[in-house]
Amino acid sequence: MGLITNLRSSISRAASTLFADAEPKRIGIYGPPNAGKTTLANRIVRDWTEHGDAVGPESHIPHETRRARRKENVEIERDGKTVTIDVVDTPGVTTKVDYTEFLEHDMEEDDAVRRSREATEGVAEAMHWLREDVDGVIYVLDATQDPFTQVNTMLIGIIESQDLPVLILANKIDLEDASVQRIRNAFPQHETIPLSALEGDNMDEVYDKIAEYFG
Amino acid sequence: MAEVKQPDGVQIDLISGERMEGLASMEKIRMILDGVREGNIVILEEGLSPEEESRLIEVTMTEISPDEFNGIEIETYPSSDSGKSGLFDRLMGNDSDKKLTVIGPANRIETLHKDETLIQTLVSRR
């Protein structure tokens with residue numbers, strides 16, 4: 001990227017940070033498929049909004065979320081202050097989608113093909129949001145899985161290159177195989193917070209950090 | 001008509017940093033995806049910028065088609081100094097993340113092992 005373009009983008013980002021007090025920051029929940037992004041989004045919204053409607057359906061089948069969904073004006077209270085954010089739940093990012101994998105989940109071929117097409121559109125949409133429309137990122141990883149994947153390396157690199165604040169969450173610590181340290185070792189330049197979005201474990205620290213990073 | 005026998009092998013395109021330098025982002029992405037969709041393994045001497053990687057994922061997604069193209073497998077060495085380059089370095093274009101990158105069709109390339117100094121991949125024939 002050229003010097004002028006970089007300068008323009010930095011100035012524009014700085015200006016939007018300075019003058020955006022009236023508007024809540026849009027915080028994108030990113031990560032690979034099946035990391036628990038929607039489970040986390042639903043927990044945040046249920047914990048902090050009056051009606052507590054779900055952001056989207058949760059499922060163990062990959063690519064359940066195939067559209068980015070935004071829940072506006074989520075007010076999180078910490079230490080007497082209120083931090084207002086828009087929560088953007090995004091489809092899991094991948095570099096490949098094979099419809100035959102959905103057939104293993106007892107899906108008919110037509111449904112599997114349709115799901116894979118929607119999944120590819122969702123990933124493209126998530127990448128577009130990341131480049132254009134989010135002010136910060138919560139990066140969710142399944143702590144039972146190897147974090148040293150190319151998708152994680154690329155996405156964290158993309159987030160860093162945009163100077164977006166990022167909070168890494170090591171999810172699924174309620175499972176026996178979870179290793180938070182493995183995630184800390186993979187991304188030592190960022191803080192990693194353990195949690196179980198499903199069980200609600202360690203959510204207080206998660207909310208403290210959300211307020212600290214995005215408030 | 002006489003049947004033309006296709007060679008049974010894997011084509012590897014090694015693309016130098018110099019060749020990529022003069023190309024616009026979309027030209028780079030097109031060159032990579034055209035090669036990969038023909039079944040080739042594309043190796044970039046200096047890799048892509050984070051912005052270009054983001055667009056590569058996006059364009060790849062738009063081209064995935066059932067039974068025809070499942071997407072790509074891509075590997076670079078993990079960045080050892082990620083996050084250390086400051087805003088000034090990036091403003092001045094001092095990207096420290098130029099790393100050898102291997103890209104291939106997802107149905108033909110499988111990563112066996114990866115660490116900070118070694119990438120081992122298995123490439124299957126057509």
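Biologist: Read along the sequence, which pattern does chain B follow?

Modeller: This is a predicted model, in which local features need pLDDT of at least 70 and side-chain atom pairs count only at pLDDT 80 or more, while totals for chains, interfaces and linings use all residues. Residues are numbered from 1 along each chain as its sequence is written, with chains lettered from A and ligands numbered from 1 in the order in which they are written. Chain B has four helices and six strands, taken as DSSP runs (helices H or I, at least four residues; strands E, at least two) numbered from the N terminus. The pattern is β-α-α-β-α-β-α-β-β-β.

Biologist: What is the strand order of the open sheet of four strands in chain B?

Modeller: Strands pair if DSSP finds at least two bridges between them. The edge strands, each pairing on one side only, are S1 (12-15) and S3 (72-76) of chain B. Pairing in the sheet is mixed, and the order is S1-S2-S4-S3.

Biologist: In S2(B), which residue is the bridge partner of Ile12(B)?

Modeller: S1(B) and S2 (residues 41-44) of chain B pair in the parallel sense over four bridges. The partner of Ile12(B) is Ile41(B).

Biologist: What percentage of the 126 residues in chain B is buried?

Modeller: A residue is buried if 20 or more other C-beta atoms lie within 10 Å of its own, exposed if 12 or fewer, and partly exposed in between, with C-beta atoms placed from the backbone. By that cut-off, the buried share of chain B is 28%.
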